[in-house]
Amino acid sequence: MVEQVLQNLSQFVPETVLLVTFCAVILTDVILKGRPMAALGVGLAGTVAAGILAAGQFGAPQAVFHGMISVDPFAAFFKVLVAVSTVLVFLISLYSSEVRSAVKRMGEYSALIVSATLGMFLMAGASNLLMIVLALELTSLSSYILAGYTKEAPDSSEASLKYILYGAMSSGVMLYGISLVYGLTGATELTGVRIALAAGAGVNYPLLLVASIMIVVGFGYKISAVPFHFWTPDVYEGAPITITAFLSVGSKAAGFAMMIRFFVTTSYGDLGSMLGVLQGFEWPKLVAIISVLSMTLGNLVAIWQDNLKRMLAYSSIAHAGYMLMGVVVFTQNGLSAVLIYLVVYMFMNLGAFYVVMLVAGATGSEDINAYRGLSQRAPLLSVALVIFLISLTGLPPTAGFVGKLYIFSALLDAKWMWLAVIGAINSVISLYYYVRVVRNMYLRDTEVSAPPVVLTRPQTVLLFVMLIPTLLLGLYFAPLVDLAHASVALFGVR
Amino acid sequence: MDDILTWLEHPGLTHFLLLSVLLFSMGLYAILTRKNAIMVLMGIELMLNASGINFIAFGRYSTGTFDGQVITVFVIILAAAEAAIALAIVLNIYQTFNTVNVDEINKLKD
């Protein structure tokens, strides 16, 4: 027993490191009261260590702690992705005026980011219904507080209230769905659910469908897909930009990891998924409809937004739709395309939020009019933002093009022609609102009173940390593609 | 009438499932109709406890393992943690907006 636990713990090192970091951040904050940034440093160091340790887990798949958690390349891929995004968010936080305005709560800020990261690590590996719920809640509860971190600002308070009301409701619905699945199959492990469904005896299929849809509500909320997206624009606009960036990348990636593992592990035979057990019910169509709704609504509403943060919120809903297209296909190509897209999305989206944050820090506004003539006041930032926005649109030679390319080629391989057409039309629509920002920066004259945006050297370096991968992954992407394929290979889908 | 009484005298899985569906629906109804943030939170608690009842009932009557009971303990802890955080956020909202009516807290809008 003890040996088994110790053996399992050796597979659990990245999470343990994060847990220790969490405690260390709080202790640092208490001991070094006068130096709040020390806590952030500890959190940053711990996350880097956890990410490096997680990178060593691309070995043979293992189930630890009685099948609660899977340690496999798929989980490792997402753990590294989440760790990188957390590290970038920590670095961005160094230059955030919002975060600095409440610098005396820096310890709490860092500790909660670390605990949310721990939740995302667990989400990536969760292979038990109970673990799925607990990991999801750990991430969510930390994010609720983080969204209201600048609690003196009404926007931030409102964001955290809306976030917790929508979030608690969707997790309540999801939990009820999970309780039904437990009742119908008598299993809590995902493999046990599959075995029970494959045996088929005494399973009430209509009820199973209801339960599956309830669980999809929970996943849909986490990845902010339509029609579970209502919290996204308000929370993204109200929360501090660093937290918005964190939620839009880390949280979404972990949600996709959990969703893909859930559907793949509970699927059997040719039925594709748990949802497929109902005779004549084509579950990919359901996911396809969610995907189309997310893309179309996200892109169409983004056109009308004048607040850049809100625009990026709708754009993140649209991107969830693009990624869901890969889940619809449900082949090895489709699933690895989602992984590729998430990596690409991390760099370009964090980069865009970083530029928005720097401009907001200098001009005090996130409005699109604050970007008038920005090219004269901040040439480097303007070029960087153009590249990030082109990448978000999905045009070559940026990384966004590679992400879209793999999603669309997987779609065409699987004969999902109509979905690919809608996806392509949506990419064109998205060009419109991204170009609006570019037009304001380059073709409009700056206002006389507008202050220049001056970058310090470390800020410039951080900008390049996100800019270089966005360009490089557009030209040299073979290693990433290989890694993504290797990470989904263990699922054995065609 | 006697049938109903006999049915009530011998509680089985169905009774508990009915109770949980009732609780879940009441919770959902409260969330959708109430304007007071505290009442919405109470609706959420009802939904969480409905699934707790489900887990125990299924564990007792249909699977015969203790998994259901164990999960329920975790669900209770989750509900407590969620309530603690939600109430802190609502308190902060009251200090900022001087109201806990979710319809009036609407600064962020298109």
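Helices (H or I, at least four residues) and strands (E, at least two) are DSSP runs, numbered from the N terminus. This is a predicted model, in which local features need pLDDT of at least 70, side-chain atom pairs count only at pLDDT 80 or more, and totals for chains, interfaces and linings use all residues. Residues are numbered from 1 along each chain as its sequence is written, while chains are lettered from A and ligands numbered from 1 in the order in which they are written.

**Chain A overall**

Chain A has 21 helices and two strands. Its C-alpha atoms fill a box of roughly 75 × 55 × 40 Å along the principal axes. The radius of gyration, taken over C-alpha atoms, is compared with a globule rule of 2.2 Å times the number of residues to the power 0.38. For 494 residues a compact globule would come near 23 Å, and chain A agrees with 22 Å.

A residue is buried if 20 or more other C-beta atoms lie within 10 Å of its own, exposed if 12 or fewer, and partly exposed in between; C-beta atoms are placed from the backbone. By that count, 62% of the 494 residues of chain A are buried.

Helix α14 of chain A covers residues 308-329. The expected span of a helix is 1.5 Å times one less than its number of residues. For the 22 residues of α14(A) that gives 32 Å, and the end C-alpha atoms are 32 Å apart, which agrees. In α14(A), 22 of 22 residues are buried. Just after α14(A), A:F330 takes a positive phi of about 60°.

A:V216 sits in helix α10 (residues 205-222) of chain A. A:V216 counts as buried because it has 23 C-beta neighbours inside 10 Å. A:G177 is 39 residues from A:V216 in sequence, yet their C-alpha atoms are 8.9 Å apart.

**Backbone features**

| Bond | Omega |
|---|---|
| A:V226 to A:P227 | near 5° |
| A:P396 to A:P397 | about 5° |

A:P227 lies in the loop between α10 and α11 of chain A. A:P397 lies in the loop between α17 (379-393) and α18 (399-413) of chain A.

A:K415 has a positive phi near 65° and is not glycine. A:K415 lies in the loop between α18 and α19 (417-442) of chain A. With 10 other C-beta atoms within 10 Å, A:K415 is exposed. In chain B, phi of B:N98 is near 65°, again positive in a residue other than glycine. B:N98 falls in the segment after α4 (67-97) of chain B. B:N98 counts as exposed, with 8 C-beta neighbours inside 10 Å.
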